[in-house]
Amino acid sequence: MSDINLNNYSSDTESSDDEIEPKLKYVRLSNDVQNILLTSSATCIAVHPKFICLGSHWGEIHILDYQGNSIQNKELKAHTVSVNQISIDLNGEFIATCSDDGRVFIHSLFSKENNANLNLGRLVKTIALDPHYYKLGANKRFITGDDKLTLYERTFLGNLKSTILCESEGLVRSLCWGENFLAWSSNIGVRVYDMTARCSLGLIKWEDNYGVSADKFRCNLRWADSRTLLIGWVDTVRVCVIRKRSNIELANRDLPEYLVDPISTFQTEFYISGIAPLDQQLVLLGFPKELDENNKSLRPQLYIVEYRDNDYTDNCTDSLSLRGYEEYGVNDYHLDVLLEENRFFIVAPKDVVVASPYDLDDRIQWFIQHNKFDEALNIIMQNTTRNIQRHTVQSVGIDYLDHLLNSGMYDAAGQLGLKIFGKSPTLWEDQIYKFASVHQLRSVSPYIPHTLESKLNPHIYEMILYEYLKLDANGFLTLVKEWNSGLYNIAAVINAVLEHLLNCEIDKNIYLEALAILYSYEKKYDKSLSMYLKLKHKDVFTLIQKYNLYNVIHDMLLDLMDLDHMKTIDLLLQKNTISSDRIVEKLRENQLHLYRYLDEYDKKNPKGKYHNELVRLYAVFARPKLLTFLKKSDHYPIQEALDICQKEKYYPEMVYLLGRIGDTKEALTLIIDELKDMQHAISFCQEHDDPDLWNELINKCVENPEFITFLLQSIGSYVDPTMLILKIKKDTNIPGLKNSLVKMLSQYNLQVSVQEGCKKILVSDYFNLQKKLVRVHQKGLSLMDDLLCASCTRKVIERDSSRASDIAVFNCKHIFHLQCIPKNMTKCGICYATEQK
């Protein structure tokens with residue numbers, strides 16, 4: 001680390017490549033402190049939330065603010081030689097100092113009451129003012145340490161009364177007064193004293209190690225809180241807790257109420273010049289044990305350590321460049337702390353540096369300086385803005401953006417922009433030109449706002465499109481498709497494309513497609529459609545559907561059919577904006593397209609229109625569909641269809657058509673002579689069920705022995721086989737005759753047997769049903785009270801016996817009073833009248 005100037009200070013954090021986040025920041029006190037230390041040297045310091053007291057080599061006490069400015073009229077000339085220690089009460093109203101000149105000085109900053117100026121006539125190394133010295137009615141106590149420990153307190157009459165607390169342990173080297181407890185060091189160790197009970201709580205002995213004499217080192221004492229004492233002496237640290245004894249302990253022996261419990265003791269690799277608490281950690285001002293190559297002192301270091309039982313972990317180490325450090329020893333440095341703010345004051349004879357934990361702004365700034373922008377952004381996003389004063393998401397984001405652009409990480413910069421600027425047009429517009437300056441608008445284009453609600457200046461979108469136009473044809477086409485046309489000036493982009501096409505041979509079709517889309521945005525649909533068709537691009541169908549251009553495609557039908565006949569036909573059938581007659585007329589120029597259209601048209605409109613055309617087209621382009629079509633349709637001229645089939649020699653179709661017009665003999669002849677399909681011939685005869693046709697079949701087959709064999713095996717199920725047998729000529733050699741005859745007779749007998757069986761079943765079923773009918777008619781009938789006579793419409797059941805009458809019920813369930821039926825009437829008059837009609 002090197003000093004930048006008198007007003008700036010930095011430290012070296014011992015870490016690889018200085019990449020570990022520091023815990024503390026450092027500021028050198030300047031202003032009046034600078035002038036003071038030019039003519040004198042600092043010997044001690046005491047800090048209060050309101051001010052700083054700095055003791056000098058010439059015995060002066062300088063009262064300063066936290067910028068290093070002297071507070072007017074507050075410089076005290078208290079001693080003739082170096083000030084050894086300064087103590088301040090809790091309220092910041094009184095200060096106490098001591099010196100080797102034997103004098104003790106107590107001064108009120110706001111009045112002249114309770115001041116004291118004592119000459120003890122001996123070296124006074126340490127002094128401690130009662131923390132509550134400022135209170136009215138207090139004893140105004142203070143303690144001095146020399147060859148003994150003496151307590152001074154004002155009596156009722158205002159005189160000072162002295163009490164020796166300890167005089168048998170040698171020179172008192174340091175002194176620290178907490179709330180109710182006092183700690184001091186002497187030649188043999190550290191003693192803790194209960195100021196309320198006026199008794200010692202015990203002695204923490206200190207032994208010389210490795211030939212190092214403890215009396216050559218200042219013992220550093222610090223109360224972390226009212227019950228926790230920190231001790232740093234030579235190279236050993238002890239953390240002690242004042243705890244209250246249990247009732248059992250107090251009952252058994254005559255012991256003090258409190259005891260000192262060392263909870264952690266560990267040894268460091270450096271000498272200790274100061275100690276202070278930081279949350280649950282310790283801050284140690286360390287002096288290196290080694291010397292440099294010139295036998296000079298090395299720089300002091302400030303350590304943040306986490307302690308355990310007998311060990312510690314070094315969390316952070318900063319090397320300090322204090323002025324003149326090469327000439328100083330371990331006792332020349334002092335460390336004081338402002339616990340309320342965790343602010344640490346490091347004092348060297350010619351320098352005062354203030355260290356404080358990094359606040360959120362400091363941490364963010366450090367991350368920015370070390371190009372760790374993600375961490376900086378995370379801090380801002382995870383904390384409220386009230387805790388961060390100097391940085392915002394946008395300010396850090398812009399620094400990060402600049403870093404990414406300078407590093408060539410353009411896509412990452414675009415993603416960052418989306419994260420930082422969101423959909424804010426103002427923020428985007430301020431930064432987008434940075435991408436333009438490095439020709440990387442393509443990298444940011446996916447992330448900028450591209451909705452009409454949050455659109456940027458149209459010129460920005462045009463710049464991006466122009467960059468794509470020059471460097472990335474596919475990207476240009478994609479943006480033209482995806483971006484809303486209201487974001488930019490369409491005419492300006494079209495002109496740019498046309499100008500580019502004049503000098504472009506590569507990816508020309510891509511630019512033409514983009515141009516077609518742009519023309520559609522301008523509602524110049526004729527140009528757009530023509531361009532799509534020229535490119536043979538199937539997006540033409542999307543364009544037609546999107547903008548409902550069915551009325552303008554009549555003259556383009558053949559081109560559309562050539563491009564994709566299925567999509568074209570689907571469009572034509574979905575929207576009936578063009579009449580089918582007009583379409584058919586246009587498609588006659590291409591019979592294949594006409595067939596394709598009419599084939600699909602007939603599926604949706606099966607009313608027989610264009611069936612005459614379809615017969616001809618099926619005969620040419622879809623022979624497998626022709627016979628099925630002929631069978632299902634009744635809307636075509638049969639003779640014309642027959643002529644077409646005769647011309648093409650489509651015999652199965654001719655057979656069907658001849659059958660429809662009654663020329664069954666001709667059809668049968670085609671089956672036998674041309675198709676040579678006997679099974680078809682038999683099926684044909686069975687379908688028409690004409691004895692003459694069966695006779696014709698037999699006559700045509702008797703000349704061919706193979707046909708005779710097939711007929712013998714098959715005809716027995718349909719006609720009397722004797723008809724065939726009688727017509728077979730003598731001496732005709734028929735292959736498989738025996739088997740054929742057996743099969744024929746078997747089929748015929750089976751047929752006769754089936755007929756007989758069916759007859760028996762029919763007769764039996766008839767008689768069974770007749771019996772059932774008789775039983776049903778013989779059953780009694782249930783009559784209800786509400787039934788009426790079918791003739792007179794009175795109730796048939798009377799409760800009054802005088803009006804009762806016999807009734808008659810017919811099988812048809814009609815009911816009559818006997819007197820309502822005409823004489824000689826044996827049938828239901830209602831049903832009989834209905835039958836006669």
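His500 lies in helix α11, which spans residues 490-502. The structure described here is a predicted model. With a relative accessibility of 13%, His500 counts as buried, since the limit for a buried residue is under 20% relative accessible area. Setting aside residues up to four places away in sequence, His500 touches Leu469, Lys470 and Tyr511.

The relative accessible area of Ile304 is 1%, so Ile304 is buried. Its surroundings can be listed in some detail. Apart from neighbours within four places in sequence, Ile304 is in contact with Lys23 and Leu24, with Leu278, Gln281, Leu282 and Val283, and with Thr313, Asp314, Asn315 and Cys316.

Attention now turns to a sheet. Strands of a sheet pair through backbone hydrogen bonds, in either a parallel or an antiparallel way. Here, four strands form an open sheet, arranged in the order β2-β29-β28-β27, and their pairing is antiparallel. The edges are formed by β2 (24-28) and β27 (334-338), each of which pairs on one side only. On average, and with direction ignored, neighbouring strands of this sheet are turned by 25° against each other. Within the sheet, strand β28 (residues 343-348) and strand β29 (residues 351-357) pair in the antiparallel sense over five bridges. Ile346 has Val353 in β29 as its bridge partner.

Several helix pairs can be described next. Two packed helices are described by the angle between their axes and by the distance between those axes. Helix α4 (residues 373-382) and helix α5 (residues 393-406) have axes that come within 10 Å and cross at roughly 170°. The two helices α4 and α5 are therefore roughly antiparallel to each other, as angles over 145 degrees count as such. The crossing in which α4 passes α5 is left-handed. On the α4 side, the contact involves Phe373, Asp374, Ala376, Leu377, Ile380 and Met381, while α5 contributes Val393, Val396, Gly397, Asp399, Tyr400 and His403. By class, the residues of this contact of α4 with α5 are eight nonpolar, two polar and two charged.

Helix α5 also packs against helix α6 (residues 410-421), at an angle of about 170° and with the axes 9 Å apart. That angle makes α5 roughly antiparallel to α6. From α5, the contact draws on Val393, Gln394, Gly397, Ile398, Tyr400, Leu401, Leu404 and Leu405, and from α6 on Tyr410, Ala412, Ala413, Leu416, Ile420 and Phe421. The contact of α5 with α6 has 12 nonpolar residues, two polar ones and no charged ones.

A further pair is formed by helix α22 (residues 664-675) and helix α24 (residues 691-701), whose axes come within 10 Å and cross at roughly 35°. The crossing of α22 and α24 is right-handed. Here Thr664, Lys665, Leu668, Thr669 and Ile672 of α22 meet Leu693, Glu696, Leu697 and Lys700 of α24. The contact of α22 with α24 divides into four nonpolar, two polar and three charged residues.

Key
Residues numbered from 1 in each chain as written. Predicted model: local features only at pLDDT ≥ 70, side-chain atom pairs only at ≥ 80, totals over all residues. Heavy atoms only, no water. Axes fitted to C-alpha atoms, helices over the stretch in contact; angles between N-to-C directions. Parallel < 35°, antiparallel > 145°, perpendicular 65-115°, else oblique. Left-handed = near helix turned anticlockwise from the far one by under 90°. Contact = heavy atoms within 4.5 Å. Nonpolar A, V, L, I, M, F, W, Y, C, P; charged D, E, K, R; others polar. Buried < 20%, exposed > 50% of the residue type's maximum accessible area, 1.4 Å probe, protein only. Pairing = 2+ DSSP bridges.
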